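Hi,

Here is the structure I promised to pass on to you. Have a look at it first, and then read on for my notes.

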Amino acid sequence: MIRDVHHVGIAVRDMDEAYAFYRDALGLPLVKEGDVPARGVRAAMLAAGGSYLELVQPTGDSSPFAKHIEERGEGLHHLALLSDAVDWQVEALREAAAPLEDHEPRDGFTGRLSYLHPLAFDGAQLEVVQPEDGLRGDGRPTKASERAGGNKHITRIDHVVLRVPDPQAACDRFETYFGVATKRSFERGPMLFAFLRPGDVIIEVIGPKDGGDPDSGRIAGLAFEVKGIDGLAASLKEKGYPVGEPHAALQGGRIVSVHHSGACGVPAAFIDFS
């Protein structure tokens with residue numbers, strides 16, 4: 001059964017640059033790092049509330065993450081859903097005829113996992129994972145991150161944006177494949193917006209209501225909930241990051257964004273509901 005969003009995967013060219021923003025500037029605690037020779041990558045997990053960011057730097061041209069960066073640039077790579085029974089979940093996906101890259105769960109950097117084929121969600125990459133001990137949402141920092149001062153602003157991942165050519169079909173697949181129903185949806189101009197909540201983190205599915213280019217789906221945005229948005233914006237600006245000015249958010253509270261060029265290709269937003 002799917003319990004929540006476990007992590008959001010980010011393909012990066014330079015781990016040191018990624019650490020500078022996500023670990024040092026944002027203060028997200030580092031909870032695991034290491035090389036994964038089987039995938040040709042160096043990987044790191046940073047905690048954001050009960051979920052995580054997975055930073056992945058390819059170490060060889062044959063890595064699938066190197067191919068992703070070559071074709072799409074660095075940035076958001078995959079959305080991993082937390083399962084408490086991944087073997088059962090993958091069997092259910094096979095029975096539902098979901099396109100899979102991993103037809104059987106395998107041991108990975110974050111636990112036992114299986115990638116769906118990108119065609120399952122029109123080009124957007126999803127994964128199901130039963131996390132290992134230490135990556136189950138306790139967000140325990142390493143000694144190094146404790147010495148760095150830790151996170152003073154970010155409380156959790158608020159939502160992840162999936163942009164797909166057919167939002168309604170994608171929502172139907174979320175329910176068929178994972179048992180995750182749409183909570184609400186609305187139209188605004190030519191676009192359809194739908195919201196799903198498998199746990200704490202919201203999945204926002206957006207796209208043209210009359211259909212778009214096939215296989216154009218992607219993980220398109222990442223938003224954090226924060227406390228002290230003015231202090232965060234000032235701190236990022238002082239460090240030289242391309243951050244805007246906090247302003248009123250449509251969903252309430254105030255929001256500020258960092259341009260993707262300053263966040264390793266990720267359109268990152270920060271929302272303060274207080």
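To start with a question: in what order do the eight strands of the open sheet that contains β10 and β14 follow one another? The order is β10-β11-β12-β9-β13-β16-β15-β14, and the pairing is mixed. Before I go further, please keep in mind that this is a predicted model.

β14 is joined to β15 by two bridges, and the two strands run antiparallel. If you want a residue pair to look at there, His247 has Ile255 in β15 as its bridge partner.

With β5 (residues 75–83), β1 pairs in the antiparallel sense over eight bridges. Val8 shows both pairings: it stands opposite Leu53 in β4 and opposite Leu79 in β5. β1 is also mostly covered, with nine of its 10 residues buried.

**The chain as a whole**

Six helices and 16 strands make up the secondary structure of the protein chain. Its radius of gyration is 18 Å, close to the 19 Å that the globule rule gives for 274 residues, so the chain is as compact as a globular protein of that length. A box of roughly 50 × 45 × 35 Å, taken along the principal axes, holds the C-alpha atoms. Of the 274 residues, 54% count as buried. The accessible surface comes to about 12100 Å², and 48% of that belongs to carbon and sulfur atoms. As for contact order, take the contacts between residues at least 6 apart in sequence: 63% of them join residues at least 24 apart.

In soluble globular proteins, nonpolar side chains tend to be buried together. In this model the largest nonpolar core has 66 residues, and those with the most contacts inside it are Tyr22, Phe178 and Phe270. Helix α1 provides the largest share of this core, six residues. Another core, of 17 residues, lies apart from it and includes Val41, Val56, Phe65 and Leu113.

What does Tyr22 touch, beyond residues up to four places away in sequence? Its contacts are Ile10, Gly27, Leu28, Leu46, Leu53, Leu55, Ala263, Cys264 and Val266. Leu53 in that list is the residue that Val8 stands opposite in β4.

Ala20 also has its place in α1. At 29% relative accessibility, Ala20 counts as partly exposed. Leaving out residues up to four places away in sequence, Ala20 touches Ala25 and Tyr241.

**Helix α6**

In α6 (residues 229–238), the buried residues are Ile229, Leu232, Ala233, Ser235 and Leu236. Seen down the helix axis, the buried residues of α6 fall within an arc of 165°, so they line one face of the helix. The elements that cover them include α1 (15–25), β13 (218–226), β15 (254–258) and β16 (268–272).

Setting aside neighbours within four places in sequence, Asp230 is in contact with Pro246 and Arg254. Asp230 and Pro246 are 16 residues apart in sequence, and their C-alpha atoms are 6.9 Å apart in space. Just after the helix, Gly240 takes a positive phi of about 90°.

That is everything I have for now. Happy browsing, and do write back with any questions.

Best wishes

Technical notes
Residues numbered from 1 in each chain as written. Predicted model: local features only at pLDDT ≥ 70, side-chain atom pairs only at ≥ 80, totals over all residues. Heavy atoms only, no water. Buried < 20%, exposed > 50% of the residue type's maximum accessible area, 1.4 Å probe, protein only. Helix = DSSP H or I, 4+ residues; strand = E, 2+ residues; numbered from the N terminus. Arc of directions from axis to C-beta. Contact = heavy atoms within 4.5 Å. Core = buried A, V, L, I, M, F, W, Y, C linked by side-chain atoms within 4.5 Å. Rg over C-alpha atoms; globule rule 2.2 N^0.38 Å. Areas by Shrake-Rupley, 256 points an atom, 1.4 Å probe, with all protein chains shown as cover. Pairing = 2+ DSSP bridges.
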